[in-house]
Amino acid sequence: MPSVYDDEIRDIPIWVDDMRTLRDLIVERLAKLKLSQKELAERAGLKPTYVNDLLFYRKQSIQPRFVSRLAAALQVPPKTVLDAIPSR
């Protein structure tokens, strides 16, 4: 469920060169939940290529509106995902 916070951050890009910790979070949660990248993408309403691009650093930025979707699919609070992305 979207929150007011999601609307406040919707247009602020989160840059990917700081994403090693986000990758670690995704890999850890995929293993714990026994999900494939494709299953994660389906649960998050994202394209499988988007999830793959996050894992292999091919994305230049992440749209903040995807943070909530990714968090829900990984079964973690959105703050956990945000905290995994160091601020610039």
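## Surface and burial

Of its 88 residues, 39% are buried, where buried means under 20% relative accessible area, with a 1.4 Å probe and protein chains only.

The model is a predicted one: local features need pLDDT of at least 70, side-chain atom pairs count only at pLDDT 80 or more, and totals for chains, interfaces and linings use all residues. Residues are numbered from 1 along each chain as its sequence is written, and side-chain values use heavy atoms, leaving out hydrogens and water.

## Fold

Six helices and two strands make up the secondary structure; these are DSSP runs, helices being H or I of at least four residues and strands E of at least two, numbered from the N terminus. Their order from the N terminus is α-β-α-α-α-β-α-α.

Taking contacts (heavy atoms within 4.5 Å) between residues at least 6 apart in sequence, 68% join residues at least 24 apart.

## Helix α4 and its partner

Helix α4 spans residues 48-55, and its buried residues are Tyr50, Val51, Asp53, Leu54 and Leu55. After α4 comes Tyr57, with a positive phi near 60°.

Helix α3 (residues 37-44) packs against α4 at about 115°, the axes lying 8 Å apart. Gln37, Lys38, Leu40 and Ala41 of α3 meet Pro48, Val51, Asn52 and Leu55 of α4. By class, the residues of this contact are five nonpolar, two polar and one charged.

Technical notes: Buried means under 20% relative accessible area, exposed over 50%, partly exposed in between (1.4 Å probe, protein chains only). Axes are lines fitted to C-alpha atoms, for helices over the stretch in contact, and angles run from 0 to 180 degrees between N-to-C directions. Ala, Val, Leu, Ile, Met, Phe, Trp, Tyr, Cys and Pro count as nonpolar, Asp, Glu, Lys and Arg as charged, and the others, Gly among them, as polar.
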